[in-house]
Amino acid sequence: MITTCTRKTLAAWLMAAWACTAYPGMQATGQTIPMETRNTALVLQADDKKNLQILYYGEKLADAAGYAQVPQAYRQTAEYTGVLASAYTPAGSRNLAEPAIAVTHADGNTSLDLRYVTHTKQEVAPQVALYTVTLQDPVYPFTVKLFYKVYTQEDVIEQWSEISHQEKGPVVLNKFASANLHLKASEFWLTHYHGDWAKEMQPETSRITHGIKTLDSKLGTRANLFQPSVFMIYPGKPATEEEGTVLYGAMEWSGNFRIDLELDYQDNLRIVAGMNNFASAYTLKPRETFATPAFVFLLSHHGKGDASRKLHTWARNYKLLDGHGTRLTLLNNWEATYFDFNEQKLFGLLKDTKRLGVDLFLLDDGWFANKYPRNGDTAGLGDWGVNRTKLPNGISSLVKEAANNDVKFGIWIEPEMVNPKSELYEKHPEWVIRQPAREEHYFRNQLVLDLSNPAVQQFVFQVVDNLFTENPSLAYIKWDCNAVIFNAYSAHLKNQQSHLYIEYVRGLYNVLAKIRQKYPKVPMMLCSGGGGRVDYAALQYFTEFWPSDNTDPLERIFMQWEYSHFYPAMATSNHVTAWGKQPLKFKVDVAMMGKLGFDIVVGELKEQELTFCQQALRHYHDLKQVIWQGDLYRLADPRQGSFASLVYVDATRATGVMFNYLVNNRYGEGSPLPVKLRGLDPAARYTVREINLLPGTTSPVNPDAVYTGDFLMKVGINPQLTTDRASVVLQFSKVTP
Ligand code: DGJ
């Protein structure tokens, strides 16, 4: 088309361009691949030259024949390349935009062209279909398979690719995306996140302008520290909780990622998402397969609330480890003792665990290392022998004492890392990621072990396996990861240094898979010096994650609010700690909106405070299924007013738990207006009871009043927040006739 067009005069050419227009070459060839979910459709089509294009991604049409008519509805400017809407854009042939894949062939040639060959559809589970589309270079024996796993009920799609070739020598992959999408709308808006330690999940929303906006990480290990891969795109205007179109996207990858959002000259949005190719050119031998991780996305036309409920359901059904199982409430000793403890002190904390009424005691950092005892964060990491001065009778004595107190026992590890001041570092400097000829650079006084090396993988596995072998009733692991990768260099990878970032993460997943093979369901918390590492690939191995070391409840309201868009409450560990000046009730109420835990000195609680915590834990026990498995409706955004409100409603719409938090302490602030509920049964009748009341206080909310669901959703209920009632938890119960 382009050669025909360029021979014309400018005016004639422009007119012809309108005619050739938006999706040139989209003449039907019979190879339309409609991938439909309950409400959406992602439709691919091979054009007459077998270029695989995205024909449509939007609301599902009642008549699938309509997808072929979509291109005619657009009158956009000329498309010079014919591959702007490519389903997997190759570099070096006719493409002029950001590629999904770029390679150097065995003969040094850097061009790639990919044409449709075939596709299959497989029902891999009820309501889950896997589409596989095979693309082939017409000149080189180079193949890409695109995979789309379509979760019909949740409107979720996972996309990834497999790259292979049969050339005469190795091919270098310079870019290797998981997914490539193409959206049309009058304008596009983006919400993405940035952060740092104790400041995770800070949102930013802006209109996408022409050019490329890149979300990425080059940190290697705690990849999300400055920027997570989760984001939202609004085709049109920013969606609200209840209205508007929104795409949620995220990489399922715990290492460097790169997401390019390119608003092209035709005003369409191209999304290219995958592992980061930064310093990561990958040499692929003939007949080897390079599999990219999945990019998960979903499109909702009913706002952010609908999108996150679907993502939560998908996560619980298919991704999060033990997504329909239970979770343990716990008492952690990190802030209570830091590194300063011994057996006697811990015996006391085990008693406190029972007294408080939580399920488990979690022993944090500081229990190991002898030559260089772990009495601070400068030494001992990597030496996993129990510290004989602090714990002369070993971990098993603590596990036994936990059982005597009728509580479970869990333990902290950080097995991917090493302090230079450690026996491990002395013995195996070749296991450490470091540039041998350069000055070492530390992050929290530590370095990262080289998980691309199978011997290191075995060592890390052994750390966990030994703990379980020696203490079969160990009930919980907190897996920390505090350092980023500086001076990336692997002694093991020798002349393939550019594989390190990728092989590191693959090595980590090997270890985690092996752990899960042997210990399928033991709860494990994914922690990374706060919230530096969470994604849906990692959450296949972990039951929960630690959002931030910042447990100031005021800050947590905002962070938990943002995390709640992408991760279900049962996976979000919230602890009550000494951070923040707010009263204990406020802290407990805030932590209760996710997976509840404590990290306090129980012995310092006043009698009334202890009674309050015990009572709150009983409420939590009664309501945790609703919080963990229920549908979340975010009702009042703390960034848009003086308070936050959200409610979880169980599947039968019989019970709801509403959390309300005042975030503005100025004179007279509160909730002057009622908050409209969502998700209740309009025809049902409900009572509303305030729970988590401090001993000796009463609630202004009348527990005997009965409201219809219709009333509660149209008029609402007032939690009666004031500066003296800064947090209010309400339980909705359907009245049985
Ligand atoms: C960082 C974690 O986020 C904390 O909760 C704690 O486990 C420390 N590491 C221990 O060193």
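Tutor: Two strands pair if DSSP finds at least two bridges between them. Keep in mind that this model is predicted.

Student: Which residue in β32 does S645 stand opposite?

Tutor: Strand β32 covers residues 655-662 and pairs with β31 in the antiparallel sense. That pairing runs over 7 bridges. In β32, the residue opposite S645 is N660.

Student: Which residue in the turn between β31 and β32 has a positive phi?

Tutor: β31 and β32 form a hairpin, with 5 residues between them. The phi in question is about 60°. The residue is R653.

Student: What is the bridge partner of Y633 in β31?

Tutor: Strand β30, residues 631-636, also pairs with β31 in the antiparallel sense, over 5 bridges. A hairpin of 6 residues joins β30 to β31. The partner of Y633 is V647.

Student: How many residues of β31 are buried?

Tutor: Buried means under 20% relative accessible area. F643, S645, V647 and V649 point one way from β31, and all are buried. A644, L646 and Y648 point the other way and are buried too. So β31 is largely enclosed by the rest of the structure, with a buried count of 7 of the 7.

Student: How far apart are the end C-alpha atoms of α12?

Tutor: Helix α12 has 23 residues, 607-629. At 1.5 Å a residue, α12 should span 33 Å. The distance in the model agrees: 33 Å.

Student: On which residue is the kink in α12 centred?

Tutor: The kink is about 60°. Buried residues in α12 include Y620, L623 and K624.

Definitions and conventions. Residues are numbered from 1 along each chain as its sequence is written. This is a predicted model: local features need pLDDT of at least 70, side-chain atom pairs count only at pLDDT 80 or more; totals for chains, interfaces and linings use all residues. Side-chain values use heavy atoms; hydrogens and water are left out. Helices (H or I, at least four residues) and strands (E, at least two) are DSSP runs, numbered from the N terminus. The expected span of a helix is 1.5 Å times one less than its number of residues. The bend at a residue is the angle between axes fitted to the seven residues ending there and the seven starting there. Buried means under 20% relative accessible area, exposed over 50%, partly exposed in between (1.4 Å probe, protein chains only).
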